[in-house]
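Below is a brief report on one chain.

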Amino acid sequence: MTETRIEPGPKESPKAETGIIGPGITLVRAPNASAMTHTGTNTYLLGEARLIVLDPGPADPRHLAALLAAIGGRPVEAVVVGHAHADHAGLASTLARAVGAPVLAHGGGHGVGQGGAGHGGAEPEEGDWLRGLGLAAGPRRFAGAAIAPDVALAEGSLIAAEGGAWQVLHTPGHAPDHICLLRDGVLLSGDHVMAWSSSVIAPPPDGDMGAFMAGLARLARLPLRRALPGHGPAHDDPAALVARLIAHRRAREEAILAALDRLGTPADGEAVTRAVYPRLAPGLEPMARLTCLAHLAELARCGRVSVAPEGPAADPDGTAPTPLATARFLRA
Ligand SMILES: [Zn+2]
Ligand SMILES: [Zn+2]
């Protein structure tokens, strides 16, 4: 899922090809193009004689047929789910059964949404910092696909593959269970880093802006030569792309702080969104507000904004955590 179009960089491929896009890497694009999924979800077949499938894609029989045709009877050793959003994971169990392969997904105790059987929906450690600020995150909005991985991946896991193992990087932020795969400077970057648009980062418990930014900072230190994202084209200058994404987020953060300055009084996410985007098209407002809330939560965690205390009518004891969506923020 994506939020805001960013300027294309000089090394961005004009359009991603379907078919063989690199040594031992085949792209099969799912037929689920939309405003949120761009030209569709990218499913990658890794290897030649023996395959790993990354991000099986949406539960669409046309995509299953296209994948089985591209696999062409070759042995599939693993179906890897990069994160449990339905556009990446919906087909996981069906494809795994069809090719007789195990499903691998991050399973480090992070839930993957209300539908996330196998990971569990509860997430005791996540959002604790929010409660420390007197805020409650509320329920998840973006339910994950119901996947029950046969093998739980974690940061640093190695996925054995033809041509060398892929290293798992746990990159939460867009989703709690989001992983990227890395080998020889090639990053399969999922929805964490994309060239066509910046990622949607929802507020907790779905997303985590601080974790997302930490993940970008980590990628900025790695010697990457190619990024293959979950949507849209490959990118041959990941360092420049990551730098652009970090700058984009920092600019958004500054715009939110400036809006709080202009407003002068405690403002909720809706008021901040209207101040940051005075001429937003109606259909874009919900996503913009989620992004603003994600930034506000992170700015509160860093102590750059404070959360206005609720009035006595809303919270007679002054102890109930304020839901993030209705909390009012002001400059610290
Ligand atoms: Zn996606
Ligand atoms: Zn996603």
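A70 is partly exposed in this predicted model. The reason is a count: 18 other C-beta atoms lie within 10 Å of A70, whereas a buried residue needs 20 or more and an exposed one has 12 or fewer. A70 belongs to helix α1. Leaving aside residues up to four places away in sequence, A70 touches T26, V28 and L45. G19 is 51 residues from A70 along the chain. Their C-alpha atoms are separated by 8.6 Å.

**The chain and its confidence**

The chain has 332 residues, of which 45% count as buried. It contains eight helices and 19 strands. Among contacts with a separation of 6 or more, 68% join residues 24 or more positions apart. The average pLDDT is 86. A score of at least 70 is reached by 84% of the residues. Residues 1–16 stay under 50 in pLDDT. The model gives that stretch 43 contacts beyond four places in sequence. Residues 109–124 also stay under 50, and for them the model has 43 such contacts.

**The core**

In soluble globular proteins, nonpolar side chains tend to be buried together. Here the largest nonpolar core has 78 residues. V53, V79, V80, A92, L296 and F329 have the most contacts inside this core. Helix α8, residues 285–301, gives the most to it, with eight residues. V53 touches T43, L45, V76, V79, V80 and L95, not counting residues up to four places away in sequence.

Which residues of helix α3 are buried? In α3, residues 92–99, they are A92, S93, L95, A96 and V99. Seen down the axis of α3, these fall within an arc of 165 degrees, so they line one face of the helix. The cover over them includes β5 (51–54), α1 (61–71), β6 (76–81), α2 (86–89) and β7 (103–106). Just after α3 comes G100, with a positive phi of about 70 degrees.

In helix α7, residues 269–276, the buried residues are G269, V272, T273 and V276. Down the axis of α7 they fall within an arc of 100 degrees, so they too line one face of their helix. Their cover includes α6, β16 (267–268), α8 and β19 (328–331).

| Helix pair | Angle between axes | Axis separation |
|---|---|---|
| α6 and α8 | about 80 degrees | 10 Å |
| α7 and α8 | roughly 110 degrees | within 9 Å |

Helix α6 spans residues 238–263 and packs against α8 at about 80 degrees. That makes α6 roughly perpendicular to α8. On the α6 side, R252, E253 and I256 make the contact.

How are α7 and α8 placed, roughly parallel or roughly perpendicular? Their axes cross at roughly 110 degrees, and angles of 65 to 115 degrees count as roughly perpendicular. The two helices are therefore roughly perpendicular to each other. From α7, G269, E270, V272, T273 and V276 take part. They meet E285, A288, R289, C292, L293 and L296 of α8.

Notes: Residues are numbered from 1 along each chain as its sequence is written. Chains are lettered from A and ligands numbered from 1 in the order in which they are written. Helices (H or I, at least four residues) and strands (E, at least two) are DSSP runs, numbered from the N terminus. The arc is that of the directions from the helix axis to the C-beta atoms. Two residues are in contact if their C-beta atoms, placed from the backbone, lie within 7 Å. pLDDT is the predictor's confidence in each residue, from 0 to 100. A nonpolar core is a set of buried Ala, Val, Leu, Ile, Met, Phe, Trp, Tyr and Cys residues joined through C-beta atoms within 7 Å. Axes are lines fitted to C-alpha atoms, for helices over the stretch in contact, and angles run from 0 to 180 degrees between N-to-C directions. Angles under 35 degrees count as roughly parallel, over 145 as roughly antiparallel, 65 to 115 as roughly perpendicular and the rest as oblique.
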